[in-house]
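Here is a short briefing on one protein model. Look at the structure first, then read the points by topic.

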Amino acid sequence: TRGPVQATLIIVSYNGRELLAKSLPAALAAARRAGDHLVVLADDGSTDYSIHFAATTYPQVRVLAFPHRGFGATCNAAVAHAETEAVVLLNSDALVSPDFLPPLLEDLSRPDVFLVGPKFLNADGSLTDTLGNRTSCRWHRGLLSIHHETDPDLLRETAPQLYANGAAMAFRRDKWLSLGGFDPLYRPFYWEDVDLGYRAWGRGWRVLHEPASEVVHEQGSTVKRGHRAGYVELMSAKNAVLFTWKNFLDRGLLCRTLAAQVRWAADDVMIGGPLPRACALLAAFRQLGEATRARAGELRERTRSDQEIMAASGAER
């Protein structure tokens, strides 16, 4: 085990000036408290004067201004600019605690650890309905579902998890670059962080949940500011389908999942009315070629089977 690594804290923002007024000073305070760490604002083409606000109010923050390309693309571009061994990605609505950084960096000092996620809390300090804590996958009617632990007794120790929530994650930059970062397959948002964690496990690395690091996060607030609820749900469901097409390399598991997806969409047709799940499946089919190419890449690089990934990350079958 080596000593703690140097980090760049990257706050990714799109029209989040009001959120930055809270998240930027918190990140700066945490970076100073932990040592000589950097804070960067990666702006995704905002039109609300976020860049001017950050540059004039917090001149010690480095500002990277990108054209509006979405969350994943902006994260990838910002990480490419970083020069430190470790990077911490933060949503503009993630409010870090003063001592959130050292535990994450201590975990990253282990050579087999790629990715670490903090404990997410509600603004009142509770865990009710929080997302991103000690994540794992479970099965319901043949479909993959993501479980987020909310039992405080199960969130006391550092533990493996399937993936780290994109709202706040720390990782080794060299491993991120070798994975290619967030896959644009999952545009415009959601499931890119699940995919990143799954692929990391597939290459023999570990993903951890670190409860000694705490972050307050208002789940989904940045996405909901610019998109209708129905569209957000459709994109999430579409990307959940694409995740399985790309990542389930075991043929038996993939066939089981495909059959469940067809039954899932057929349920909409049988009950009549809106067809959200059928629409999600159709939207995924439009990206079938892209998903197939991404799957081929996984076939070349994977060193663990799907069963091994799920066992190592604490998944339930």
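Two strands pair if DSSP finds at least two bridges between them. Helices (H or I, at least four residues) and strands (E, at least two) are DSSP runs, numbered from the N terminus. This is a predicted model: local features need pLDDT of at least 70, side-chain atom pairs count only at pLDDT 80 or more, and totals for chains, interfaces and linings use all residues. Residues are numbered from 1 along each chain as its sequence is written, and side-chain values use heavy atoms, with hydrogens and water left out.

**Strand 11 and its partners**

- Strand 11 covers residues 206–217, and strand 5 (residues 94–96) pairs with it in the antiparallel sense over 3 bridges.
- In that pairing, V96 has V215 of strand 11 as its bridge partner.
- Strand 6 (residues 113–121) also pairs with strand 11, here in the parallel sense, over 8 bridges.
- Which residue of strand 11 stands opposite K119? That residue is E214.
- A159 stands opposite H209 of strand 11.

**A hairpin**

- Strand 7 (residues 136–140) pairs with strand 8 (residues 143–147) over 5 bridges, in the antiparallel sense.
- R138 stands opposite S145 in strand 8.
- The two strands form a hairpin, with 2 residues between them.
- R141 sits in the turn and has a positive phi of about 55°.
- In a regular strand the side chains alternate between the two faces of the sheet.

**Helix 1**

- Helix 1 (residues 17–34) has 18 residues.
- From its first C-alpha to its last, helix 1 reaches 25 Å, close to the 26 Å expected at 1.5 Å a residue.
- The expected span of a helix is 1.5 Å times one less than its number of residues.
- Helix 1 has a kink of about 25° at S23, shortly before the proline P25.
- The bend at a residue is the angle between axes fitted to the seven residues ending there and the seven starting there.
- Buried residues of helix 1 include L19, L20, S23 and L24.
- Buried means under 20% relative accessible area, exposed over 50%, and partly exposed in between (1.4 Å probe, protein chains only).
- Just after helix 1, G35 takes a positive phi of about 135°.

**Helix 8**

- How far apart are the end C-alpha atoms of helix 8? They are 27 Å apart, which agrees with the 27 Å that its 19 residues (229–247) should span at 1.5 Å a residue.
- Among the buried residues of helix 8 are V232, M235, W245 and K246.
- An α-helix has 3.6 residues a turn, so residues three or four places apart point the same way.

**Salt bridges**

- A search of the whole structure finds 12 salt bridges. A salt bridge is a side-chain nitrogen of Lys or Arg within 4 Å of a carboxyl oxygen of Asp or Glu.
- In one of them, the side chains of D99 and R33 meet at 2.5 Å, N to O. D99 lies in the loop between strand 5 and helix 4 (101–108) and R33 in helix 1, so the pair ties together parts that are 66 residues apart in sequence.
- D99 is partly exposed, at 41% relative accessible area, and R33 is exposed, at 56%.
- R156 forms a salt bridge with D153, with the closest N and O atoms 2.7 Å apart. Both residues are exposed.
- D195 and R199 also meet in a salt bridge (2.7 Å, N to O). Being 4 residues apart in helix 6 (residues 192–202), they are separated by about one helical turn.
- Is D195 buried or exposed? D195 is buried, with a relative accessible area of 0%. R199 counts as buried too, at 4%.
- A network of salt bridges links D183, D195, R199 and K246.

**Helices 10 and 11**

- F285 has its place in helix 10 (residues 276–285). It is partly exposed, with a relative accessible area of 47%.
- G289 lies in helix 11 (residues 288–301). At 36% relative accessibility, G289 counts as partly exposed.
- G289 and L20 are 269 residues apart in sequence and 38 Å apart in space, C-alpha to C-alpha.
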